[in-house]
Amino acid sequence: MARLLVLLAVIAAVWVGAAAAILPCERMTQMIVPCAPYLTSHVAVPGVGCCNGVRALPGIAQTHKDRVVICKCLKIVAGHFPGIDNKRAMGLPRLCGVRLNFSFSPSTDCDK
């Protein structure tokens with residue numbers, strides 16, 4: 001009986017951890033999707049919704065692990081928007097008035 005409880009506890013911990021890892025990508029998508037028109041050169045300047053999402057990034061990128069997860073999520077989200085202008089993507093934080101403690105481009109090694 002004790003082994004069964006330990007096994008269930010381990011399974012629950014793994015399941016909760018997997019769910020927690022998925023949540024940031026959903027959040028990233030919600031934060032970055034408003035930037036798609038700017039990043040794909042359909043509008044000249046990023047909108048308020050886009051900049052609000054970009055400004056929220058420093059608050060969730062507190063640790064190296066956070067930044068790795070965010071980077072990987074951004075790569076996934078970016079893959080759904082063909083035609084992203086990399087120069088616009090790299091300059092977006094500056095245009096939104098925020099300084100990030102990490103950078104992002106398609107060639108970024110997220111694990112570093």
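1. Cys71 counts as buried, at 5% relative accessibility (buried is under 20% relative accessible area, exposed over 50%, partly exposed in between, with a 1.4 Å probe and protein chains only). Its disulfide partner is Cys110, S to S 2.0 Å (a disulfide is a pair of cysteine sulfur atoms within 2.5 Å). The pair links distant parts of the chain: Cys71 in helix 4, Cys110 in the segment after helix 5, 39 residues apart. Helices are DSSP runs of H or I, at least four residues, numbered from the N terminus. The link is left-handed, with -65° about the S-S bond. Cys110 is buried too, with a relative accessible area of 9%.

2. This is a predicted model: local features need pLDDT of at least 70, side-chain atom pairs count only at pLDDT 80 or more, and totals for chains, interfaces and linings use all residues. Residues are numbered from 1 along each chain as its sequence is written, and side-chain values use heavy atoms, with hydrogens and water left out.

3. The structure holds 4 disulfides. With the bonded cysteines numbered in sequence order, the pairing is 1-6, 2-3, 4-7, 5-8.

4. Cys25 and Cys73 form a disulfide, sulfur atoms 2.0 Å apart. Cys25 sits in helix 1 (residues 2-32) and Cys73 in helix 4 (residues 64-79), 48 residues apart. The S-S torsion is about -75°, so this disulfide is left-handed. Cys25 is partly exposed, at 23% relative accessible area; Cys73 is buried, at 1%.

5. Cys51 is joined to Cys96 by a disulfide, S to S 2.1 Å. Both Cys51 and Cys96 are buried. Their S-S torsion is about -70°, so the disulfide is left-handed.

6. Helix 5 (residues 86-95) has Arg88, Gly91, Leu92 and Pro93 as its buried residues. Gly97 follows helix 5, with a positive phi near 75°.

Key:
Helix = DSSP H or I, 4+ residues; strand = E, 2+ residues; numbered from the N terminus.
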